[in-house]
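Here is a short report on the structure shown below. It covers symmetry, the protein interface, helix packing and the DNA surfaces.

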There are 2 protein chains.
Amino acid sequence: MTTPAMKIRPTPRAEDTRRRIYEAALELFREKGFEQTTMRDTAAKAGVALGAAYYYFSAKEAIVLAFYQEMQESSHDSILHAMAGHKKLKDRIRVVLEKRLELLAPNRKFCAALFGHAPDATDPLSPFSSETRPIRERAMEHLRVAVEGGDVKVPADLKQRLPYLLWLYQMAIILFWLYDRSPRQQRTQALTEKSLGLLVNLLRLSGLPLMKPLRKTMLELVETVAL
Amino acid sequence: MTTPAMKIRPTPRAEDTRRRIYEAALELFREKGFEQTTMRDTAAKAGVALGAAYYYFSAKEAIVLAFYQEMQESSHDSILHAMAGHKKLKDRIRVVLEKRLELLAPNRKFCAALFGHAPDATDPLSPFSSETRPIRERAMEHLRVAVEGGDVKVPADLKQRLPYLLWLYQMAIILFWLYDRSPRQQRTQALTEKSLGLLVNLLRLSGLPLMKPLRKTMLELVETVAL
DNA sequence: GTCTGTATTTGAACATGTTCAAAATATCGC
DNA sequence: GCGATATTTTGAACATGTTCAAATACAGAC
């Protein structure tokens with residue numbers, strides 16, 4: 001019997017097959033887009049039967065999720081490293097956003113597929129689901145570090161929730177970017193620059209004693225939604 | 001030849017068939033949910049062939065859209081009327097939200113189907129598409145009136161964009177509500193109450209001369225996104 | 001090497017949204 | 001009423017995501 005931890009040994013051969021399917025799929029997604037690529041295409045290109053694709057991926061979208069996950073993992077160090085060179089909070093957050101988008105960029109067109117399931121936290125593929133929690137926490141960690149080493153003093157109560165809030169902010173930017181059809185996604189750049197300025201200014205203001213009641217209300221609001 | 005305006009005469013009989021399909025669908029959606037209801041079910045219940053359903057509705061989701069549209073139309077007067085009794089901006093906006101949710105309530109479960117297409121403004125079913133513009137403008141009109149007759153003085157530059165911003169706010173609340181599994185959607189109620197308070201306070205503050213630069217930045221941000 | 005159970009692979013079958021050409025029906029000018 | 005044209009209706013065909021029972025390959029015990 002397998003332990004509750006499950007998935008003890010994926011055979012090397014199995015791992016290889018999975019990889020082949022995964023890479024065939026990504027290539028096709030890039031070429032023809034997510035919707036245009038059928039699971040049969042993918043299986044054929046990978047040289048396996050249709051069923052095999054489903055043995056390794058619970059659904060078509062799960063392949064995209066795997067990509068997103070891998071991308072996230074591989075970016076971890078490079079993001080932390082890139083951030084190290086900056087002191088200003090604005091720059092630090094910008095670095096996180098830029099790196100993320102840069103890595104997503106070659107596959108921009110099809111990542112949108114994931115957002116279809118987004119609002120339903122029950123769906124395993126939702127960014128809010130418990131299944132995707134590890135990915136989410138990784139991303140939040142980046143943002144926590146960004147604030148930690150930045151030049152803006154944030155009140156303790158807000159600081160605690162800030163990674164989550166910034167993660168939401170990041171998701172919003174990514175969502176906008178995915179559907180941004182302006183050349184070279186210039187609108188996203190503009191949006192990022194402007195919103196970052198606003199964001200950092202608000203964080204600065206949030207420290208003023210005058211702002212305490214407003215901050216409290218806002219945090220209560222977050223608790224109501226986030227719980 | 002038909003004029004460019006198209007769709008000159010839907011025969012009474014045709015209108016009847018459409019209605020039968022529409023109503024069969026809604027009933028099934030309510031009973032079994034959107035995903036569980038097949039177009040074949042709907043056609044069967046309406047006593048027509050499968051193809052007929054597609055003659056009248058371009059897609060399964062289009063039926064939901066039709067419902068949303070009808071709901072919106074029928075609510076127009078009742079919303080304006082209900083608002084007339086209130087002077088405080090907070091109450092006026094609350095009335096709009098409450099009425100909307102109240103009307104949506106019997107069909108809460110399946111309205112979520114519409115939000116799958118939401119982010120892609122190209123998709124005719126997206127709330128941001130040009131096809132859904134009339135619905136959107138109706139909703140914005142309610143919110144414009146709400147502000148117009150309220151007790152909060154809003155600077156002109158902000159006022160102009162406010163209906164759109166409030167519409168976004170309304171959409172967010174609806175989205176949250178659709179997926180709110182708490183008993184009687186209490187969390188939505190809490191969210192509405194808290195966020196409304198915050199919102200109105202922010203609008204009050206927005207008038208202070210001190211806030212002008214912040215307001216400007218925020219509005220620029222909106223322009224960047226909304227264009 | 002053979003046996004046994006597990007992991008992997010297969011491909012047919014299924015469900016369902018959607019399309020479409022053909023059939024049926026209604027409408028209109030005469 | 002008749003023929004022509006436009007509208008409505010039909011149901012079969014299609015495409016594709018997904019499931020699943022059966023077949024196959026494999027690893028380890030003996």
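## Symmetry of the two copies

By what turn and what shift along the axis can chain A be laid on chain B? The turn is 180 degrees and the shift is 0.0 Å, with an RMSD of 0.1 Å. The two copies are thus related as by a two-fold rotation axis. In chain A, A:Gly116 has the C-alpha nearest that axis, 2.5 Å away. The superposition is by least squares on the C-alpha atoms of residues with pLDDT of at least 70 in both copies.

This is a predicted model, in which local features need pLDDT of at least 70, side-chain atom pairs count only at pLDDT 80 or more, and totals for chains, interfaces and linings use all residues. Residues are numbered from 1 along each chain as its sequence is written, while chains are lettered from A and ligands numbered from 1 in the order in which they are written.

## Where chain A meets chain B

19 residues of chain A are in contact with 20 residues of chain B (contact: C-beta atoms, placed from the backbone, within 7 Å). On the chain A side, helix H9 (186–205) and helix H10 (212–226) each give two or more residues. Helices here are DSSP runs of H or I, at least four residues, numbered from the N terminus. H9(A) gives the most, with seven residues.

The chain A side divides into ten nonpolar, five polar and four charged residues. Ala, Val, Leu, Ile, Met, Phe, Trp, Tyr, Cys and Pro count as nonpolar, Asp, Glu, Lys and Arg as charged, and the others, Gly among them, as polar.

H10(A) packs against helix H9 (residues 186–206) of chain B. Their axes come within 9 Å and cross at roughly 160 degrees. Axes are lines fitted to C-alpha atoms, for helices over the stretch in contact, and angles run from 0 to 180 degrees between N-to-C directions. H10(A) and H9(B) are therefore roughly antiparallel (angles over 145 degrees). The contact includes A:Met218, A:Leu221 and A:Val225 of H10(A), and B:Ala190, B:Leu191 and B:Leu198 of H9(B). By class, this contact has six nonpolar, four polar and three charged residues.

## Helix packing within chain B

H9(B) also packs with helix H5 (residues 89–104) of chain B. The angle is about 140 degrees, and the axes are 10 Å apart. H5(B) and H9(B) are therefore oblique to each other. From H5(B), the contact takes B:Leu89, B:Lys90, B:Ile93, B:Arg94 and B:Leu97. From H9(B), it takes B:Thr192, B:Leu196 and B:Val200. Five of the residues in this contact are nonpolar, one is polar and two are charged.

## The DNA surfaces

DNA strand C is surrounded by 20 residues. The closest are A:Ala14, A:Val48, A:Ala49, A:Gly51 and B:Thr38. H3(A) gives the most to the surface near DNA strand C, with four residues. That surface divides into eleven nonpolar, six polar and three charged residues.

Methods:
Two residues are in contact if their C-beta atoms, placed from the backbone, lie within 7 Å. Angles under 35 degrees count as roughly parallel, over 145 as roughly antiparallel, 65 to 115 as roughly perpendicular and the rest as oblique. A residue is near a molecule or strand if its C-beta atom, placed from the backbone, lies within 6 Å of it.
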